[in-house]
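Here is a short briefing on one protein chain. Look over the sequence and the model first, then read the points by topic.

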Amino acid sequence: MSTSPLLQRKWVVYVLILLITLIWGYGWVLMKEALRYMGPFSFSALRFGVGSVILFMIMFFMKMKRPPKEQLGHIVIVGLLQTAVVYLLVMYALHFVEAGKSSVLLYSMPIWSSFFAVKLLKEKITITKMVGLGLGVVGLIMIIGWDIFVGQDFSALFGEILIIIAAASWGLANVYYQLKVKGVSKIQVTAYQMGFGTLGITAAAIGMEWGEPIQFNVTSIYYILFTGALASAFCFTLWFIVLSMIDIVTATISTLLVPVFGLLFSAVLLGEKITAGVILGSCLILAGIFIAQLPMKKMEQTKSKSLTL
């Protein structure tokens, strides 16, 4: 089936990316605050459980069948890499690392996606994308600050390393999806990868947090529903759509907006400090995103995959 005419418009890509990054940026605040009410693995299991149920309900009402058997194994791998590994590591690391800085570290993901894309997909990185990615990386380093290398206590450094590993896992998931998952609708991919990922997270929660108290109240339920329904089910579906509309390097560079929003929301809502280095780094990230988008003419990078929902 051919791509929808609306989805062929370049401005639609930008709107989708902006919406995804705003929700994910705000989600970092909720993820950090949720640790006041339950363990990190329990929250992740509940969050992605909600997201999975919503997506499977949508599939049921749309009378969508399960993906082909030959694709299920690939979707399991995507789910483990993108949902289970990433959010088990990130949520545990949030015990030691500020929400804003955590979002910055995870969104070193474009570096790993670009590396895996070149190695596995044989994608070419144009000069403008190299400059854009370079500016984004420099911006990330300025935001993180040199305290990642000196003056850190072990727990904070350990948490930051976990998040960097999570970033690499997400980058590999993006490339593996492009390479292996074919002929499956975006809702199916998102539902099944999230479902399989949730099983892995639930197993970790049972093994590591069994018997620990979980506080259910208006606030904690809001955290679960927002991150489950919007940041998980809704945004991951949009993310797979974006990956099918443009090349993986451009898409992942664009997500560098998430740590910018994450830092802003964390400063306003959690009182985390925004230094001069954070401001300058954010400007470099925005400049890198703009430059990386310059080659997008007539959606030349549009993928041939179906965008049926």
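The lining of the largest cavity divides into seven nonpolar residues, two polar and one charged. This comes from a predicted model.

**Cavity**
- The search counts one cavity of 30 Å³ or more.
- The largest cavity holds about 80 Å³ of space.
- Its lining consists of Trp24, Gly27, Trp28, Met31, Arg47, Tyr87, Leu106, Tyr107, Thr227 and Ala231.
- Two elements give two or more residues each to this lining: helix H1 (10-34) and helix H9 (218-245).
- Helix H1 gives the most, with four residues.
- Arg47 is the charged member of the lining, because Arg counts as charged while Trp, Met, Tyr, Leu and Ala count as nonpolar and Gly counts as polar.
- Rolling a probe the size of a water molecule over the atoms is what shows where empty space is left.

**Fold and burial**
- The chain has twelve helices and zero strands.
- Read from the N terminus, the order of elements is α-α-α-α-α-α-α-α-α-α-α-α.
- The chain has 309 residues, and buried residues make up 55% of them.

**Salt bridge**
- How many salt bridges does a search of the whole structure find? The search finds one.
- Arginine 36 forms a salt bridge with glutamate 33.
- The closest N and O atoms of arginine 36 and glutamate 33 are 2.7 Å apart. That is within the 4 Å cut-off for a salt bridge.
- Is arginine 36 buried or exposed? Arginine 36 has a relative accessible area of 53%, so it is exposed, the cut-off for exposed being over 50%.
- Glutamate 33 has 19% relative accessibility, so it counts as buried. The cut-off for buried is under 20%.

**Surface patch**
- Which residues form a nonpolar patch on the surface? They are Val53, Met57, Phe60 and Phe61.
- Together these four have about 490 Å² of accessible area.
- Phenylalanine 60 is found in helix H2, which covers residues 40-61.
- Phenylalanine 60 counts as exposed because its relative accessibility is 63%, and exposed means over 50%.

Note on methods: Residues numbered from 1 in each chain as written. Predicted model: local features only at pLDDT ≥ 70, side-chain atom pairs only at ≥ 80, totals over all residues. Heavy atoms only, no water. Patch = residues over 30% accessible without salt bridge, like charges linked within 9 Å, V, L, I, M, F, W, Y side chains within 5 Å. Areas by Shrake-Rupley, 256 points an atom, 1.4 Å probe, with all protein chains shown as cover. Salt bridge = Lys/Arg side-chain N within 4 Å of Asp/Glu carboxyl O. Buried < 20%, exposed > 50% of the residue type's maximum accessible area, 1.4 Å probe, protein only. 1 Å grid on protein atoms, 1.4 Å probe; cavity = no way out; pocket = protein on both sides within 12 Å on 5 of 7 lines; lining within 4 Å. Points joined across faces, edges and corners; volume = space filled by probe spheres on them.
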